[in-house]
Amino acid sequence: MAPTPPWQPDASCQSLEALSEHLATRDFGRLEDEALLSLLLAVSGRDFTRDFREEFGAEDDWTQALGQTARAVRHAIEFLRQDAAIAHLSLLPRPDVLPLLSRFFHLHPQPPAAVRARLSHWLWQRALFDTERLFPDDEARASLALLTGDADATVRALLARVGPPPERGWERYSQPGMAGLASVADRVEANALLALHPRHLLTGAVLEPGPLLEAQGAVAFLPLFPTSPPGLSTSSGSGDSMLLTLANQLFHPVLAPGVTLLGLVRRGALPPAVFPSHALPPEALVALRQGDASSFLAHRRDALVAHIRGFIRTRTGADAQEATPTAE
């Protein structure tokens, strides 16, 4: 059977429940009904910040809108994974971007690669640097109004609305914190860590973030040191405080009883590709094997800071802008 053209609605989605199940099969997270209704409104070009009943009347036929939404959101998820390096709904720096992306991909199911790249830069710039808006609903409506039938002009207008990134704007996100996935900074750090393509400590296989996050949620970011462990020294102050940060977390499945991440890393009998995939530099491993947890955490923090900084520059397009020669 020939595949359905990308601009045609998905006929399999005839209800909100069917739309929810359709999206759940993507290993990208599950959306609540309220979020699904916002997507339905956005794809239809209606004000998704309002109550659904204020935009759709009882006489309106949802059938076509549901199919269009299913297809548009599928394209948006593919974009998030392939272009924006976001593997799961829980890692979206600002979840309110999903209705805008869904509307964009309804209008432009297959935009050119250059447009996709700039759209990804906009997503990350908006998430990281455009944080001073006092009225998010007004901002959402203004952004929705910029989504037109011209894909290139649309993305350029979105970028212009965000404005240029502030100088050294990455700094607020470059000191690893993350006690979960609750804040924008938490999710930025988590995405940066996943950009290293973490590997399984036992098999060396690259981990699939979507299924692991579906199964474990934020618990997929496991602590190396649950508490200050016996046999390892931590200095008071900075060493203890780093136990609560990303410097003390690895993205990994929960292991069998009796097997610990710390024990596996400390013994070091692992495939060589495993260590860089978790931002574990050689000097950190030396400190760990010497029983110096504070030095281990400090070395890993420094490696993460450098990586997060580079990740943000790449995702926001800063490197591409500097590589583009200016007209004289």
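**Aromatic pairs in a predicted model**

Good morning. The chain exposes about 15500 Å², of which carbon and sulfur atoms supply 54%; these accessible areas come from the Shrake-Rupley method with a 1.4 Å probe, and for residues only the protein chains shown count as cover. This is a predicted model, in which local features need pLDDT of at least 70 and side-chain atom pairs count only at pLDDT 80 or more, whereas totals for chains, interfaces and linings use all residues. Residues are numbered from 1 along each chain as its sequence is written, and side-chain values use heavy atoms, with hydrogens and water left out.

The chain holds 16 helices and two strands, taken as DSSP runs numbered from the N terminus (helices: H or I, at least four residues; strands: E, at least two). Of its 328 residues, 51% count as buried, that is, under 20% relative accessible area with a 1.4 Å probe, protein chains only.

I turn now to the aromatic rings. Rings of Phe, Tyr and Trp (its six-membered ring) pair if their centres lie within 6.5 Å; planes under 30 degrees apart count as stacked, over 60 as edge-to-face and the rest as tilted. By this rule there are five aromatic pairs. F104 and F105 form an edge-to-face pair, because their planes stand at 80 degrees, with ring centres 5.2 Å apart. F104 is buried at 1% relative accessible area, and F105 is buried at 1%.

F221 and F251 make a tilted pair, 5.1 Å centre to centre with 55 degrees between the planes. F221 lies in strand β1 (residues 221–223) and F251 in strand β2 (residues 249–251), so this pair ties together parts 30 residues apart in sequence. F221 is buried at 5% relative accessibility, and F251 is buried at 1%.

Finally, ring pairs link F79, F104 and F105 into a cluster. Thank you.

Note on methods:
Buried < 20%, exposed > 50% of the residue type's maximum accessible area, 1.4 Å probe, protein only.
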